[in-house]
Each structure stands twice: as structure tokens, then as C-alpha cells.
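Here's a quick walk through the model, starting with one chain and ending where the chains meet. Keep the structure open while you read.

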Amino acid sequence: MGLRRGYSDGMVPDGSLGQSLTLKAPPEVERGIVLAVQRGDDEAFRELYEAYRDPIWTLVVSLVGDSLQAQDICQNVFFKAFRGLGGFRFESCLFTWIYRIALNECRNHLRRRHVFLVPLEAIIGSHDEIDAASASDWSNARRAALRAAVMQLPFKMREVVVLKYLEDMSYREMSRVLGCPAGTVASRLNRALAELEERLRPLRGFL
Amino acid sequence: MSWRCSFRRRRFLPYLEGEVSRREAMRLEKHLAGCRKCGEFFTRVRIGHQVGRQFGRIGPGIEGRPPEFAELWKGKETKPGGPERLARDARATLRGRRLAPAATALITLAAAAFIAVAVFNPGILRRADGPSAVSPATIGYAGFIPVRIREFASHNRSPVVTEGFVREVYFDEQEKTLHIKLVEIPQKSEPFVICEIRSPGSMAIPPEGSRIRVYGMARYDAQPGRQWHEVNPVMTLAVLNR
């Protein structure tokens, strides 16, 4: 999936700044890991978990917006992955398969939960507050506004934005994970980006 | 928005990221210069793309960490059978279990039917990866419902045969599919259907203005910005005159 970018304000899951490689193992390596898990090798599943934990965490926490809920969801994702590996038939790559579980878990979770939207203006503040704010306050508010704009997107739009800009996936990879044609992914991403522009338009002068 | 705009818009992001050929870039720029709606939409997508890239740099900004490996089973009543149970189930699946007699009989019957078809009607088994691979004679003309283009609304998800004039032809470079806009009346742009040919291969493309007969599955594409009737996939087509 490529190099995942380090976040400029710190706090990647291991608590350190910097980057980590997501797993893009050759098919034979993936096959070996899955077969080992199917044979009952606990260490193989640990290795699988350690490899996929961070990208799945990034996805889940970006979609649900809450770390405690993200922890529960991640637990469910890998629990289901562990159960499902017995019947894994290598019809897709392992990462696509696990990602699909993760997306479904997030969707199901958000369907059950009512999401309260905070207006962007409440995050960014009034004009007077902005004028009085220090540069670092302003920078934090700007980041918060960007994040809020993404988090307020409808789920299907948020999905593609996260997969594209956080997970650095191509259209083809997204279409495999989402189970829809690449053309549909492209259209959905366009609409998501246009929606982001519209939501941030009133604040454009300040961003 | 025309159907051509719909396809052009899919290439906005690859264009912004420098991932289109020079030729395609020139075509896109020409379209944007001539189509006000696409030009405005492109501007929004471009700004949204900059926002997306910034989001990619700063991330969700949520503190926390994923569960440690040992914490995975916390809160679950039992570990799901453990990997030993998992492996036992997997081995049983991989080896193949002994089937019940009824299941065995069913599979034998299905295999016999398959062999009969292969021997007496091999054409059916030919891979239908392009419109010329399956002929109406193989499928059986009676299986396709003759439908006028204006009547497509009543035949969603049915095998249909329709006739019309080629108004426009477009090749989707991303999905490698050929799209033909078929109209009922040559001088008018509506009513129309979009005929999607998934593997055109070396098929001769019918020229604009030619009258063709198309066999395939009637569908309705309800995606925003599309919302048109389709013959998708096209199983075969015949040019009636040039």
C-alpha cells in the first residue's frame, strides 16, 4: 500500500513521530502466514496482527473519530479475521480482506450510533477570536477545521477520502477493498472532494 | 451533465496528480475550456484535493493506540476455539469432507448435465468476454425481449434486443470499456440508451450514424450524474446499415 505518512503533530499509535511501512508482502509470504495460522500457529497470527494493526487502526480511528470506540472495533475486526482465516481461500489479497472487515465493522458501528455534528464555525471561532488568536492557536484551529470537515462527510465519502489520503490507495486498490468498480470510486471521490470544498468555503479566507 | 462529462470527470484526480498522458491531458483541458459546468466542478475538486492532501499530512489527530495482541481476546467470553480448533476446521475444509448421499447424487447429476451440454451445445460454454463471442442463435433469439429505446423503463434487468442509431462512441480508458450512445431518432439526442461493451478487443466500432441492433441486459444506472438506461453488458451487436 506504500509508505504511510507520519503525522506532523505526532501521535502515531506507537507514540513516536515518524513513518512505518504497511504490509505489502508478496503473495507467497501472505500464503505462508495464512497457512501457518490455519495450522494453529499462534505466533503466525501475532505476526499477522503486528503487521496489520497500525493501518487498520488508522482507518478505524479516522472513520469513527473516537479512540475508545476504535479500540473496540479493532478488537472485533481481528477477532473476526481470526475466525474467518480458517476458510480463507486466497481469492483476494489478505490486506483487502481484512480491510473489508474493518470497513464493515465501522459502518455497522456508525449505523448504531447517532453522530452529533459540530458546526465548523464553532471550531474555528468567530472573526474576533481569530484576530486575537496566536499563530499556534490559529494553526491548531485550522487543523481542527480540516479534520472536522472530513469527519462530517457522509460515511461513504469519508471512506474514500481516508483510503485515498491516509492509506494512499490507488483507485484499483480502493475498488477491491470497497467491492465496486474503479469508475464508481472515482465518482465518489470527486463528490467527496467537492463536498469538502463546499463545507470549507465559508472559511476559505482563514484556511 | 452529459454522459461524456461523467466519464471526463473521473479523470480529474489522475490529471491533478500528473498521471494522465499528455494527449489525454490536452483532451481534458479542451473539454474544461468548453464546458462551464465541468470547469466549475473541476475547480471544486481541485480545492478539495488540496484539502485532502493536507488531511493526509496531519492525520485524524486522535490520541490513542490499538489494542496489544494480548488484549485482543479481552471481553470475549471464550477465545474462538483457539487456533487449534481453527486449524482442525480448516484441515477438514481443505481435505474435503465425506458428503451426504443426497449431496453426492446432486453433484453427479449436475456434472452429467454439464457434460451433456458440452457435447451437444459447446457454443454455450464459449467464454462470453466480448459481444461477438455469443451469437443470438446460440442464446436463442426468443430469450431477448424486443424493446424500443423509449420503453426501457419497463424492462429493467431483462435480456433485451433493441435497435437505434449510433450517436456517439466513447472508450473509457480507465475501465477499458466501449460505450455507445444509441438514439431512437437520428436527429434527436433523446430518448437514448448507453450500450456498454466490456471487452471490445479488436471489434470493429460501428461508425456514428449507423443503425445497429444490440442484444444485452437492460439496466438503469442510478448513480448521481448518470441516471440513464443502459444495455450492460452488451452480448452482441449487428450493424444493420452503414
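## Reading the fold

In total, that gives chain A ten helices and two strands. Bear in mind that this is a predicted model.

Chain A has 207 residues, and 37% of them are buried. Now take the contacts in chain A between residues at least 6 apart in sequence: 62% of these join residues at least 24 apart.

## A bend in α2

Have a look at α2(A), where there's a kink of about 45 degrees at A:Arg53. Once α2(A) is done, you get to A:Gly65, which has a positive phi, near 80 degrees.

## Where chain A meets chain B

On to the interface: 56 residues of chain A are in contact with 43 residues of chain B. On the chain A side, the elements giving two or more residues are α1 (27–38), α2 (42–64), α3 (67–84), α7 (135–151), α8 (155–165) and α10 (182–200).

Sorted by class, the side of chain A that touches chain B has 28 nonpolar residues, along with 14 polar and 14 charged ones.

Technical notes. Residues are numbered from 1 along each chain as its sequence is written. Chains are lettered from A and ligands numbered from 1 in the order in which they are written. This is a predicted model: local features need pLDDT of at least 70, side-chain atom pairs count only at pLDDT 80 or more; totals for chains, interfaces and linings use all residues. Two residues are in contact if their C-beta atoms, placed from the backbone, lie within 7 Å. Helices (H or I, at least four residues) and strands (E, at least two) are DSSP runs, numbered from the N terminus. Ala, Val, Leu, Ile, Met, Phe, Trp, Tyr, Cys and Pro count as nonpolar, Asp, Glu, Lys and Arg as charged, and the others, Gly among them, as polar. A residue is buried if 20 or more other C-beta atoms lie within 10 Å of its own, exposed if 12 or fewer, and partly exposed in between; C-beta atoms are placed from the backbone. The bend at a residue is the angle between axes fitted to the seven residues ending there and the seven starting there.
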